[in-house]
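Please keep the sequence and the model in view while reading the points below.

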Amino acid sequence: MRNKYIIVLLSVVFALSSCVTSRRVNYMQEPNRQIPTYGDTLSYEDYRLQKGDRLFIQVYSIDEKTALFYNSGMTNTRQIARSGNINSNIDLYTYIVDLNGNINFPTLGFLQVRGLTTREVKHLLEDELASMLRTHGDMPNISVEVQIVQRYFSVIGAQSSGRFAINKEKVTIFEALAMAHDIAEFGDRSKVHIIRETEDSTIVKTFDVRSKDIINSEFYFIEPNDVIYVQKMKGQAFGINSAAAAVSVAATTISFGVFIYTLIDRFIIQPVLDSKKNEDSAK
């Protein structure tokens, strides 16, 4: 009988230890001994262009000839470019930042843009175009729109892991995870990794996405080409995600344990005991 109690106890402990609690998966939790506090390090900065970035540039002017010259054929492409989706026609109307950090813009030639923000590139183009047109005796008002297109981030370990387009200026870590349909059920939210490429190297940032303080930290906003990696919970090859499931598994495990114990008792233990009893009687 004592062995039966041991089997029951071990079954219950196993079932409960495999249960995924709300503390392990809920977001926006108050920091405590398990959930870290992040200092107020939030300082969003506009993305600075790197080699390989692709720019969509449109020139506006009250002079129709000037606008037509720089924007020829762009009318039907503008919305596609803004969406950030890949399209073979986009290559004809965008400017790639080459290995030297330049773009080759009509009439202006090569311009160094690496390390600049899109706002700084906008002002650079407006100044250069205005200066060039003045030298030719023209004084049209010039306005330039600059956007980065074909920007992406990737998620590994979510419900829908994959590569996703960035089609707005700022994307938070929660928006990124939402686009990937949240972290998988047994993903470890306490150790989320962001793999980020810089001009000089590749860096890895690790943080606990459950912490409420995440919104004030450097981890809140993602950048183009980021890879978000969520590993599985340690030792979580098997898990239970609710109390009802835990009870069900415990009951099933107990039943199976009792069944195995009954078989062992009937066909192994009892025959041995009976044999020993008969031997003692014969003596």
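Strands (E, at least two residues) and helices (H or I, at least four) are DSSP runs, numbered from the N terminus, and two strands pair if DSSP finds at least two bridges between them. The model is predicted: local features need pLDDT of at least 70, side-chain atom pairs count only at pLDDT 80 or more, and totals for chains, interfaces and linings use all residues. Residues are numbered from 1 along each chain as its sequence is written, and side-chain values use heavy atoms, with hydrogens and water left out.

**The chain as a whole**

- The secondary structure consists of seven helices and ten strands.
- The chain has 283 residues, of which 36% are buried; buried means under 20% relative accessible area, exposed over 50%, and partly exposed in between, with a 1.4 Å probe and protein chains only.
- Among contacts (heavy atoms within 4.5 Å) with a separation of 6 or more, 67% are between residues 24 or more positions apart.

**Strand β6 and its partners**

- Strand β6 covers residues 152-156, and four of its five residues are buried.
- β6 runs antiparallel to strand β7 (residues 162-165), to which four bridges join it; V155 stands opposite G162 in β7.
- Five residues lie between β6 and β7 in their hairpin, and G157 in the turn has a positive phi of about 100°.
- With β10, β6 pairs in the parallel sense over three bridges, and S154 has V227 of β10 as its bridge partner.

**Strands β8 and β9**

- Six bridges link strand β8 (residues 187-197) to β9 in the antiparallel sense.
- A hairpin of four residues joins β8 to β9, and E197 has T202 in β9 as its bridge partner.

**D213, in a loop**

- D213 belongs to the loop between β9 (202-207) and β10 (227-232).
- D213 is buried but has no salt bridge, and K212, the nearest side chain of opposite charge, is 7.4 Å away. A salt bridge places a side-chain nitrogen of Lys or Arg within 4 Å of a carboxyl oxygen of Asp or Glu; Lys and Arg count as positive and Asp and Glu as negative, while His and the chain ends are not counted.
- Leaving aside residues up to four places away in sequence, D213 touches P31, T37 and Y38.
- A polar atom of the D213 side chain lies 3.4 Å from the backbone nitrogen of Y38.

Key:
A polar contact is a pair of N or O atoms within 3.5 Å; within protein, one must be able to donate a hydrogen and the other to accept it, and residues adjacent in sequence count only if both atoms are side-chain atoms.
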